[in-house]
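Q: I'm new to this one, and I'd like a close look at its inside. Please take it slowly and keep it chatty.
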Amino acid sequence: MAVRQNWRPGIVVEIDETRFGKRKYNRGKRVVGRWVFGGVERGTNNCFFAVVENRTSEVLLSVIEEHILPGTTVMSDCWSSYQCLSDEGFVHLTVNHSMHFVVPDTGAHTQSIEGTWSAIKRGLKGTNHVKGQFDSYMAAYMWKRKNSTAESRMESLLDMIKEFYPPRSKDKRKLKKKKKGNEVK
């Protein structure tokens with residue numbers, strides 16, 4: 001789902017998981033939906049998201065290792081699945097939300113990723129969704145976030161077109177013209 005993004009050591013990435021879905025009768029606990037795990041690089045528009053079947057340490061660690069390089073500072077809440085991160089080569093800082101939103105000693109917080117979840121959910125709220133297209137909604141959000149200006153969106157679009165339809169070299173065009181010229185004679 002996510003474009004492969006490896007962050008450099010020394011960079012801070014906030015990670016978290018959330019459930020996207022509907023509440024029964026718009027009240028209480030959400031009952032239908034999908035778990036999404038994601039990360040946001042502080043100070044940039046870089047992010048990644050992955051739909052996960054469950055939130056076990058094995059599943060989340062495989063997504064983390066796919067997107068974040070060892071040595072990166074990772075900030076998370078105190079979810080038990082994240083306890084292994086220090087053993088895997090990451091600098092791991094946690095925040096206990098029942099005590100602080102920002103840890104006074106370390107400055108650790110997850111407000112960027114929490115705000116990102118809020119923005120995505122707000123953007124999906126009240127729109128008609130095509131069943132089975134959830135991954136494309138997440139991909140569209142990542143693309144819009146990374147390309148936040150009209151100029152960068154246009155440049156990105158042109159780069160994607162060039163990737164799928166590479167321009168032909170002048171030699172190939174000349175060869176094609178010669179072939180057409182020979183066929184006419």
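A: Let's start with a term: a nonpolar core is a set of buried Ala, Val, Leu, Ile, Met, Phe, Trp, Tyr and Cys residues joined through side-chain atoms within 4.5 Å. Buried means under 20% relative accessible area, exposed is over 50%, and partly exposed is in between (1.4 Å probe, protein chains only). Bear in mind that this is a predicted model, where local features need pLDDT of at least 70 and side-chain atom pairs count only at pLDDT 80 or more, while totals for chains, interfaces and linings use all residues. Residues are numbered from 1 along each chain as its sequence is written, and side-chain values use heavy atoms, leaving out hydrogens and water.

Now, the largest nonpolar core has 18 residues, and Ile15, Phe37, Phe48, Ile64, Ile68 and Leu85 have the most contacts inside it. Strand 1 (12-23), strand 2 (30-41), strand 3 (47-52) and helix 1 (57-67) each give it two or more residues. Helix 1 supplies the largest share, four residues. (Helices, H or I of at least four residues, and strands, E of at least two, are DSSP runs numbered from the N terminus.)

There's also a second, separate core of twelve residues, including Val40, Ile120, Phe134 and Met138. Phe134 and Met138 also turn up among the buried residues of helix 3, along with Met142 and Arg145.
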